[in-house]
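This report moves from single sites to the whole chain and back again. The structure under discussion is shown first.

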Amino acid sequence: MQLGMIGLGKMGANMTVRLVRGGHEVVGYARTPATVQSVVDQGAKGASSLEDLVQKLAKPRVVWLMVPSGAPVDQTLESLKGLLAPGDLVVDGGNSYYKDTLRRAASVKAWGGGFVDVGTSGGIWGLTEGYSMMVGGDPADVERVRPALETLAPGPALGWGRVGPVASGHFVKMVHNGIEYGLMEAYAEGFAVLGAKQDFALDLHQVSEIWRYGSVVRSWLLDLTAQALAENPKLEGVKPWVWDSGEGRWTLQEALDLNVPAPVIGIALQNRIRSREENPFAERLLAMMRLKFGGHVLGKEG
């Protein structure tokens, strides 16, 4: 199979390499020539521009986007609009908001192209472990990229599937990330409780290793937690600042729109937001209120 890969960040580059190793011909493009060269060194073909990439692909073309969600996707599609032809297929493998995907698919369909959305999970481990891919789109369009999906997945029939019409893949990936927020928060809170019980002097890495085998809470996230605790048991030098990609917010908003309670995801998201506050106003106001009605000691900065 031949396809063009646009966006060669870490995940895009790893996906390109995995496709090349699977016997596919990939033409890669990124704004930085050195990034393109990195995948050329692994066996892919390089492109110097979007125009060059499109010209190097045989019709009907398949162009796979791995660019940041939001404006970059729209900008890339706008640039491709005058380069691609009816019958060409665009695949968005990034973490786009599913409502944006619906709009973009309609736009691509208007000029005669096809659109497939692939919610992709696996991060930097996908190159060796394979990617989990939640795919949305017309069955015929998905079938066109089946060879690539089977190569990128952990196995031809494992870790991927067409979940429904266009935008459903990104919707499922959105909820997947919301669940991820909750799981991570639960692990973090649990280990915090273990660490606070100083009477037992628990070895948190040892506990994580015990839980990795046979326990009902074992998971890949726990594997990564165990690895982190082995490397840095006291988490020295780690700032308690947690980024969110936006998908937890989208999941929570969707839950509200559907009248589905999702308190765990909501709390996990709020805690991520709170982690980024250097001097949280809410906690300072709580301290003042407690002082006013209870006369309790008020901590001072510095």
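Where does tryptophan 241 lie? In this predicted model, tryptophan 241 is placed in the loop between α11 (220-231) and α12 (247-257). Its relative accessible area is 40%, and tryptophan 241 is therefore partly exposed, since that class covers the range between 20% and 50%. Once neighbours within four places in sequence are set aside, tryptophan 241 is in contact with Ser275 and Arg276. Arginine 212, by contrast, is 29 residues away along the chain, and its C-alpha atom is separated from that of tryptophan 241 by 26 Å.

**The chain as a whole**

The protein has 14 helices and 8 strands, and its C-alpha trace spans about 75 × 40 × 35 Å along the principal axes. Of the 302 residues, 41% are buried. Among contacts with a separation of 6 or more, 64% are between residues 24 or more positions apart. The protein exposes about 16,400 Å², with carbon and sulfur atoms supplying 59% of that area. As to charge, there are 30 positive and 32 negative side chains, and the centres of the two sets lie 2 Å apart.

**Other residues of the α11–α12 loop**

The loop that holds tryptophan 241 also contains asparagine 232 and leucine 235. The side chain of asparagine 232 reaches the backbone nitrogen of glutamate 236 at 2.9 Å. Asparagine 232 and histidine 205 are 27 residues apart in sequence, while their C-alpha atoms are 9.4 Å apart in space. Leucine 235 has a positive phi of about 55° although it is not a glycine, and with 45% relative accessibility it counts as partly exposed.

**Backbone geometry**

Most residues other than glycine have a negative phi, and most peptide bonds are trans. The peptide bond that joins lysine 59 and proline 60 is cis, with omega about -10°, and proline 60 itself lies in the loop between α3 (50-55) and β4 (62-65).

**Two buried helix residues**

Helix α3 includes leucine 50. What is its relative accessible area, and is leucine 50 buried or exposed? The value is 13%, so leucine 50 is buried, the limit being under 20%. Apart from neighbours within four places in sequence, leucine 50 is in contact with Ile6, Tyr29, Ser79, Leu80 and Leu83. Proline 154 stands 104 residues from leucine 50 along the chain, and the two C-alpha atoms are separated by 30 Å.

Lysine 173 is in helix α9 (residues 168-196), and with 3% relative accessibility it counts as buried. Its side chain makes a polar contact with the side chain of asparagine 177 at 2.9 Å. Not counting residues up to four places away in sequence, lysine 173 touches Asn95, Gly119, Thr120, Ser121, Met134 and Glu247.

**Aromatic pairs**

A pair of aromatic rings is described by the distance of the centres and the angle of the planes. The count in this protein comes to 5 aromatic pairs. One of them joins tyrosine 97 and tyrosine 98, whose rings are 5.5 Å apart centre to centre with 80° between the planes; this pair is edge-to-face because its angle is over 60 degrees. Tyrosine 97 counts as buried at 17% relative accessibility, and tyrosine 98 is buried as well, at 13%. Tyr97, Tyr98, Phe171 and Trp250 form one aromatic cluster.

The accessibility of several residues discussed above is set out here.

| Residue | Relative accessible area | Class |
|---|---|---|
| Lysine 173 | 3% | buried |
| Leucine 50 | 13% | buried |
| Tyrosine 98 | 13% | buried |
| Tyrosine 97 | 17% | buried |
| Tryptophan 241 | 40% | partly exposed |
| Leucine 235 | 45% | partly exposed |

Terms used:
Residues are numbered from 1 along each chain as its sequence is written. This is a predicted model: local features need pLDDT of at least 70, side-chain atom pairs count only at pLDDT 80 or more; totals for chains, interfaces and linings use all residues. Side-chain values use heavy atoms; hydrogens and water are left out. Helices (H or I, at least four residues) and strands (E, at least two) are DSSP runs, numbered from the N terminus. Buried means under 20% relative accessible area, exposed over 50%, partly exposed in between (1.4 Å probe, protein chains only). Contact means heavy atoms within 4.5 Å. Accessible areas come from the Shrake-Rupley method with a 1.4 Å probe; for residues, only the protein chains shown count as cover. Lys and Arg count as positive and Asp and Glu as negative; His and the chain ends are not counted. The place of a charge is taken as NZ of Lys, CZ of Arg, CG of Asp or CD of Glu. A polar contact is a pair of N or O atoms within 3.5 Å; within protein, one must be able to donate a hydrogen and the other to accept it, and residues adjacent in sequence count only if both atoms are side-chain atoms. Rings of Phe, Tyr and Trp (its six-membered ring) pair if their centres lie within 6.5 Å; planes under 30 degrees apart count as stacked, over 60 as edge-to-face and the rest as tilted.
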